[in-house]
Amino acid sequence: MERSNHTATEFILLGFTTDPVLQLVLFMVFLGVSSVTVVGNTTLIILICNDSRLHTPMYFFIGNLSFLDLWYSSVYTPKILVTCISEDKSIFFAGCVAQFFFSAGLGYSECYLLAAMAYDRYVAITNPLLYALVMSRRLCICLVIYSYTGGFVNAIILTSNTFTLNFCGDNVIDDFFCDVPPLVKLACDVKESYQAALYYLLTSNVITPTALILASYLFFIAAILRICSTQGRLKAFSTCSSHLISVTLYYGSILYIYSHPGSNYSLERDKMVSTFYTVLFPMFNPMIYSLKNKDVKGALKKLSRLTQSEV
């Protein structure tokens, strides 16, 4: 069937289902996830800011990750909630562009930030005596700034290339947000230059940080193996276990989605994967970094006592 070129003024987000009952259930689920995400990340930021024991490079990065996750989840969740309870599934072209841009910018920034956190753990384990000197406050701030700068510069490249594509036929996006795979599926023709841009961005924003993180963990393992006592090895591993879990979950889902962005992409199959890294991952991060962390638990108990004494 021949498809004609047109300039879209809005898109229709199909979401997850058209069943009203399931939509209501999903609304409650996503509302709960959103609430836990906001409370968890905000609490972690407050603890890190208020407790002097958490004023270290590691917690500085964790606090910035929590801030980024709050911002990241806010790009998707409000529109998902509206789509679940409203008959109007449309999103204006400008709104789609904005959502796409911030989604890419924050996603790429998180890739860089996780790489910076890997470097922090690398220094802590391989050079503990000079850790405070090497990971100075100035360097930590610079790494965070570079993460956001790199993320949003690349987001500009991706957004400008994507929304200059010619979209054909209907304007229905078979997903719950504006993303590369469903938009590529709507395009009349995807030129080789666009595919090349996608692979460049995948390499520079995901594969390169992944390689740096893997290299860091090779040094971790080498340093841990040089520790004689079992207790010492376990303590050293515990300092980077949370980061390892976070990296595995986030990069794994990102690589799964964007390593095959062609028009034959299976959208239905991968909605759940997209949901994981866009909505669920920001909720899990505070749990990953705090559940087994004695410093965070101590700071939370201290804050609880102060709150109760004031009441």
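This is a predicted model: local features need pLDDT of at least 70, side-chain atom pairs count only at pLDDT 80 or more; totals for chains, interfaces and linings use all residues.
Overall layout next. The protein has ten helices and five strands. Its radius of gyration is 21 Å. The globule rule gives 19 Å for 311 residues, so the protein is as compact as a globular protein of that length. Along the principal axes, the C-alpha atoms fill a box of roughly 70 × 50 × 35 Å.

Now burial and surface. Of the 311 residues, 48% are buried. The accessible surface is about 15700 Å². Carbon and sulfur atoms own 67% of that surface.

Charges, briefly. There are 20 positive and 19 negative charges, and their mean positions sit 18 Å apart.

Contacts. Take those with a separation of 6 or more: 80% of them join residues 24 or more positions apart.

So much for totals. On to the rings. How many aromatic pairs does a search of the whole structure find? The count is 24.

Here is one of them. Phenylalanine 16 and phenylalanine 176 have ring centres 4.9 Å apart. Their planes meet at 20°. Stacked means under 30 degrees, so this pair is stacked. The two residues are 160 apart in the chain. Phenylalanine 16 is in the loop between strand S2 (10-13) and helix H1 (20-50). Phenylalanine 176 is in the loop between strand S5 (172-173) and helix H6 (180-186). Phenylalanine 16 is partly exposed, at a relative accessible area of 25%. Phenylalanine 176 is buried, at 3%.

Back to the opening question. Phenylalanine 102 lies in helix H3 (residues 93-126) and phenylalanine 152 in helix H5 (residues 137-162), so the pair ties together parts 50 residues apart in sequence. Phenylalanine 152 counts as buried, at 15% relative accessibility.

There is also a cluster. Ring pairs link Phe16, Phe30, Tyr72, Tyr76, Phe176 and Phe177.

Which residues does serine 103 contact, leaving aside neighbours within four places in sequence? They are Tyr72, Val75, Tyr76 and Phe177. Among these, Tyr72, Tyr76 and Phe177 belong to the ring cluster. Serine 103 lies in helix H3. Its relative accessible area is 9%, so it is buried.

Glutamine 23 lies in helix H1. It is buried, at a relative accessible area of 13%. Glutamine 23 and cysteine 84 are 61 residues apart in sequence, yet 5.0 Å apart in space, C-alpha to C-alpha. Not counting residues up to four places away, glutamine 23 touches Thr17, Thr18, Thr83, Cys84 and Lys89.

Valine 38 also lies in helix H1. It counts as partly exposed, at 41% relative accessibility. Where does valine 38 stand relative to methionine 283? The C-alpha atoms are 7.9 Å apart, across 245 residues of sequence.

That's the tour. Over to you.

Methods
Residues are numbered from 1 along each chain as its sequence is written. Side-chain values use heavy atoms; hydrogens and water are left out. Rings of Phe, Tyr and Trp (its six-membered ring) pair if their centres lie within 6.5 Å; planes under 30 degrees apart count as stacked, over 60 as edge-to-face and the rest as tilted. Helices (H or I, at least four residues) and strands (E, at least two) are DSSP runs, numbered from the N terminus. Buried means under 20% relative accessible area, exposed over 50%, partly exposed in between (1.4 Å probe, protein chains only). The radius of gyration is taken over C-alpha atoms; the globule rule is 2.2 Å times the number of residues to the power 0.38. Contact means heavy atoms within 4.5 Å. Accessible areas come from the Shrake-Rupley method with a 1.4 Å probe; for residues, only the protein chains shown count as cover. Lys and Arg count as positive and Asp and Glu as negative; His and the chain ends are not counted. The place of a charge is taken as NZ of Lys, CZ of Arg, CG of Asp or CD of Glu.
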